[in-house]
Every structure is written in C-alpha cells, then in structure tokens.
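Subject: Structure handover

Hello,

Here is the structure I promised to pass on. My notes on its cavities and on one helix pair follow.

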Amino acid sequence: MVVATAIAFLGALTAPWFYRWLGQAAGWVLAILPLSLTVYFASLLPAVLAGQTVRHSVAWVPSLGVNFSFYLDGLSLLFALLITGIGTFIVIYSGGYLKGHPDLGRFYLVILLFMASMLGLVLADNIVTLFVMWELTSLTSYLLIGFNHSEFKSRRAATQALLVTAGGGLALLAGLILLAGMGGSWEISELLSKGEVLRGHVLYLPALILVLLGAFTKSAQFPFHFWLPNAMEAPTPVSAYLHSATMVKAGVYLLARLQPALGGSEVWSAALMTFGLATLLTGATLTFRHTDLKRLLAYSTVAALGALVFTIGMVPLTDYYAAMGFATFLLAHSLYKGGLFMAAGAVDHEAGSRDVTQLAGLFRVMPLTGVAVVLAALSLAGLPPVLGFIGKEVLYVAALQAAPAWMVGLALLGFAVWAMLALLLVVPFFRGQPPQGVHEGPPSLWLGPMVLAGLGLLLGLFPGLYNPLAEAVASSVKGQAVAYHLKLWPGFNLALLLSLLTVLLGMGLYFLYPRLRAWMAQEPLPGPESAYVALLRGLMRAAVGVERLLQSGSLRAYLVWIFAGLVTLVGLALLRGGQVLWPGEASSPAPAQVLLLGLMLLGALFALRLRSHLAMVVVLGMVGAGVALVFLLQNAPDLSITQFLVETLTAILIALVLLQIRNIGPVPHGRWLDKAVALGFGGMVTLLMLGMLTQPLELHLSQFFAQKSLPEGFGRNIVNVILVDFRGLDTFGEITVVGLAGLGVWALLVKRHRGSSLSSRRKREEKP
C-alpha cells in the first residue's frame, strides 16, 4: 500500500508531460494509473473478505512514534475502490469535457494529486500521516475549485472551501493529538481497541468536540454546509469526483473509522444524529431554491452526507442494521451521484444549459446519457431494482429501531425531496422537443455515467455480489463481526410502507415544486453563510488594525513593541520561576568598580537630558567604554578590547548615519512611554542577571572547551578556537549575512547616486 500510494503521487507528477506528448488522448492514457490501482486493490478483496487486515509501515520519525503506516480493512478498501474506480472515469471524462482547454495538463496534475491524497487519507493508520493527507486534500481541492482562476466566483468559492475546511483541520489536529495522548499510541488501529479507555478519559469530551468539528467542516455538515454548493463553480469533473467518492466523504470516513473508539457514548449518538438530521433537512429544503442541475445535485449531496452521519450515530444503538445501511447507502450514493454529475456536465456540454426548466426531449438525441440518468435517478429516489432502494430500506429499518418517531418522520421528508429531485432530472429527457443541434457526446462523456449507473442496477438485482464487502465494511464501522444478507425484496414491513410513502410524497412535492421554488426564492433569512461573511470581514478589519498598529513605519514604534514584548514575556517567566533573588554569597564590589558603575549611571542620566543626537551617541559610547573597563578589571582583556572596538565603531557608524539624515530635529522629551519601556527593559535585564547568579555555576561546557581547544583546535585562545573551529559554520554564516547586508547597502547607495545624477541631468536638459 505504501508503494501504491507513492505510485499515485509520482504518476500525478508526470501528467503534464503526458498531456504535452499525447494531447487530447492523454485522458485515456492517464486513466491507466487509477485503473491499475483499482485492479491492485481489487486483488486484495479475498484477504479482506476472509477477515484479514493488511498493514504496511515505513519509519518516518521513529523517535516520536510517527510512521507512514497504512491499514486496509473493509472500510478503507471500499473507499480505495471508489476513489480509484470512479477516478478512472473522471480522468477519461475530463479529457472530453475540458477538450481544448489551455490548462488541461495542469488539471490532470491536480486531479491526480487530489486522488492520491484522498487515497492516502483512507489508508492511513498513523494519526500524523492521516492529518498530512487530510490537509493535502484541502489544498488540492482549493486548486480544483478555483481552476477557473480568472473568474471571481471561482476564487471566492475556492477560498471559502479552504478556510472552512482548513479551520476544521486545525481543530481536528488538536483532537487527534488528544486521542494519541489518551490512548498512548499514534496508530489508529491500536486506538480502535481502546474504546473504553478513551470514553472513560477526562479529556474524552474535548477530544470528541474537536474531532467532530474537523469532520463536520470537511463533510459540509450543518452549519458548515454552505461551502459545498458554492464549490459548484468548479468544472463538472471536479464536482462529480468531489461529491461521489472523495473530499466530502473524508469527514464521513473519519467518523466511521473512529466509531469503535469514540462511539458508544450518549453524546456521540446525540451529536451525530442531531447534526446529521439537521444537515439532511437543510440540504433538502434548499433544493427548492434552484433549477440548475449542478446546484440541485449539490444540495442533494449535502442531504446525503447528513443521512450518512445520522446513520453512523445510530450504529451503537442497533445490532447491525445501521452499519449495513451505512455500507450499502455509501456505495449507492457514490455510484448514482458520480453518474448524475457527469451526465449533468454532458448535458451542459452538448445542450449549453443546465436549467431543468429549459431542457426538453433530450432522450431522443442523447439516449445513452438518458439511460444513465434514468438508472441513477431510480437509485436517488430509492426505487427498485437498484442498489439505492436496498440502502434506503436498511436505513429505514435502522431508524425505526434506534431513532424516535419524530426523527424518522423528518428523515422521511428529506428522502421525499430526493424522489422529487429524481423526477426533476428525468422529465427533461422525455418531455417536449429537443433543441436544435444537440447530440450525444463522445464516449468519454457517457462512458462513466453508463458504467456507474449500470453497477447500481447490477448490484441491486444481485446484492449478493456486494454482500461480503458490505459485511466487511459494517464490521469495521461496528467494531465487531456483522453478518446480514442484503435482499432486493425485504418483504412487507413498516420500512417498505415508509418507502412507498416517501415516493408518493416526492411526487406531490414535484407538482408543488414551482410554487415552493417561487416562495423559497424570496429574500432568504441570514444563515451560517452570512455569519461566515461577517466573521471574515471582522477578521479583515482586525488584521488591518493590527497592521496599522504594528507596521506603522516608525522605528520608534517597532522598538517599543519589541522591548515591551521582551519585558512582558521574560519578566513573567522570571516571576513565575521564582528566581528573582539577590545572590547571598556574592562578593562585594571593589572601589574601582563602584566608581566606574557610578560614572556609567551618571552618563546614562546625562544622556537623557541631551537634545542633540550626536552628543547622545558620544555619551552613550562613554557608557559602553565604562563596561569595557569593568571587563578589564575582571581580568578579561580580550572582552574589554572587543567591547572598546564595538562601542567605537557603533558610535562612528551612528554618527555618520545621523549626519546623512536631514531635518532630524532635536531629541523629543516628555515621552513617558519611552521612559517606562526603557526602565522596564533595564529592570528586566537586571532581574535576569540576578536570577542567573542564584543558579549554581555549570562548568561542564567551559571545561570541555578548555580541554579540547589546544589538542583539537590547535589554539590557546579558547574564544578564538570556539569561533573559528567549534562554531565555524555559525561564524561563516554570520560573516555571510553581514557581507550580504553590506552589499545590499552598497547597491542601494549606488542606485540612489545614479538616480540623483539622472535627475540632475534631466533638469539641466529641460532648462532653456
């Protein structure tokens, strides 16, 4: 699996070269990559169906227990097959849909990187590996949603998706780190066996909230649902892939993966069922506001994601129905949603419109696409004999066992909207006359929809083909072995009655759709997206205010912030550590030292009264010279000479700079803030020194340099040996930095001189 994931990333990087070499045929060739990966994962089916788990690991940061660990069971295998299988048709479809686009090579690169990132996410067993892949899906989806970067709507939608999902990703990172600390392992497979330990931990609730925030933002759960419909600004291949098998299912996958570890508590089931049902109803309700095919399908995806989260919340409350319903509906939704999105793109590509109220008679001119839409719409509506019908039946049985009656009733309303949507999608193919010039698209546009819709029909007629994998998926989600036989005809029961009621209610909503759409099209009430916009504007205003405060262009302001920050942070650390004490065993200073310190203090106070910058530099230089004399009295002549040189050169350089500054004016007085910051900084340094004197003197490093300087550095001057040998690279780096800074200053001065000369020449030429 490590090799397969690496091949996926490396193959993505070669996509632009294949496109340059093969041109419009590149899509068919590049599809070999996901197809080969599909075959590879399909070859692992016998082992997984036999109850085995496949695990591969490569050391990454072994000292921290971080590895490139990959884990394959029923759940991750189903997702891997969906990602690579549907990805095969998406790559082929992209070549036909974006034919002639100048950035098609770049699109292949990003879509395949997106596939590889999602594949790594569902296979990851290490928390750090999972989070890295999680963030890669956010980054690559940002590039895909904003593919038409010249359009403002695309850029805005991409930014919105990135901000929402990345914000949730930060919360997820914190939650995963808490889980690792609570469970004592970075491996997810080990955490899954410690459910009782995690649920009984005092940090269970904070960790759960953080994980749910990350999953809810990624899978567009209420109130974070708004970014997903806005992402329809992306090209149709992106929308089809995003909604069927990849990014929006990442949060659902994470919840299903962690269900054995975090599930089983009341707060888990209550949170997932509540937010899942709210998302289901929100997506279903907002469907009435649109007539665009992609928008209609997007809001149905929001509702479907809510249904999946609702189902995961029911898993601990039922024996096996919820887990089997999740496994069945997950596959059914991926098949029909991918097919419907690609069919919608084909209609738009050939007919030039996605408005269901404007399309008519398409089956006569697009029969292959029409067959795919009819089969996929049957699965969307939950009608036999397709897989969507079986999935909905099992969901109803699970809801009747685990959810209160009012929740079942609200879920029925959401499912009824899907039945209405199925009619909205099918009717334009059979009603009215087709537009002039519309015809069936190339095979690249109808192959994917036909295969995906056909698989939904095949698995609906013969559910036994999927039953073993569904049991493996359900066992992974449940955390224990699940055995259940999927049936196309479940017999007469309450779930079947609810299905019939769902279809009848959906038909009624279809006839009421024009009136409901007119009513819903009115000015909407402020919602989560309005809150997002307000929050974003507030953050921008705050950023502008902070920028004006910190980046004022005033050197004085910069120094005030730097020194005030140092005083605050270091002062708090000293006070918290309790090390601000006068050393009791310190020796009394010599009279010469007291005299020098007194002169230095008088010089500093005298400098405060000066009005001339040059005079202040000279007086402060005298203070530095006093420090050099203190070093000399302490038998450190090398430090004393260094201090003298530094103070002399500093005074000369500052004086030269001051002479070049015009209109500098006198030194301002009466700035109490400057005095307070200076006093605080000096006091902080004094306390720091006193605190250091209270600590025992550690001579280990000094003894090391004293012992090694002569035999290894061949020098008796220990300081020189440290700078030249032991810290040679450090010293070389410092010299390089100073040299580059000098070159930069010299270049600026030369440019200024040339600019002044050129300006003077132009003035002379302009004179008559």
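The largest cavity is lined by Leu-293, Leu-297, Leu-340, Ala-343, Ala-344, Val-347, Leu-359, Leu-362, Val-373, Leu-425, Pro-428 and Phe-429. A cavity here is a set of points on a 1 Å grid, over the protein atoms alone, where a 1.4 Å probe fits but cannot get out; lining residues have an atom within 4 Å of a point. The model is predicted: local features need pLDDT of at least 70, side-chain atom pairs count only at pLDDT 80 or more, and totals for chains, interfaces and linings use all residues. Residues are numbered from 1 along each chain as its sequence is written, and side-chain values use heavy atoms, with hydrogens and water left out.

The volume of the largest cavity is about 100 Å³. Volume means the space filled by probe spheres set on the points, which are joined across faces, edges and corners. The lining has 12 nonpolar residues, no polar ones and no charged ones. Nonpolar covers Ala, Val, Leu, Ile, Met, Phe, Trp, Tyr, Cys and Pro; charged covers Asp, Glu, Lys and Arg; the others, Gly among them, are polar.

Helices H17 (293–314), H18 (321–351) and H22 (405–430) each supply at least two residues of that lining. H18 provides the largest share, 4 residues. Helices are DSSP runs (H or I, at least four residues), numbered from the N terminus.

The count is 6 cavities of 30 Å³ or more. H17, H21 (387–402) and H22 each give two or more residues to it. H17 gives the most, with 4 residues. By class, this lining has 9 nonpolar, 1 polar and no charged residues.

Now the helix pair. H32 (700–713) and H33 (718–726) pack at about 65°, with axes 10 Å apart. That makes H32 roughly perpendicular to H33 (65 to 115 degrees). Axes are lines fitted to C-alpha atoms over the stretch in contact, and angles run from 0 to 180 degrees between N-to-C directions.

On the H32 side, the contact residues are Phe-704, Phe-705, Ala-706, Lys-708, Ser-709 and Gly-713. They meet Ile-718, Val-721, Ile-722, Asp-725 and Phe-726 in H33. Contact means heavy atoms within 4.5 Å. The contact residues divide into 7 nonpolar, 2 polar and 2 charged.

Best wishes

Notes
Angles under 35 degrees count as roughly parallel, over 145 as roughly antiparallel, 65 to 115 as roughly perpendicular and the rest as oblique. On a 1 Å grid over the protein atoms alone, a cavity is a set of points where a 1.4 Å probe fits but cannot get out, and a pocket is an open set with protein on both sides within 12 Å along at least five of seven lines; lining residues have an atom within 4 Å of a point.
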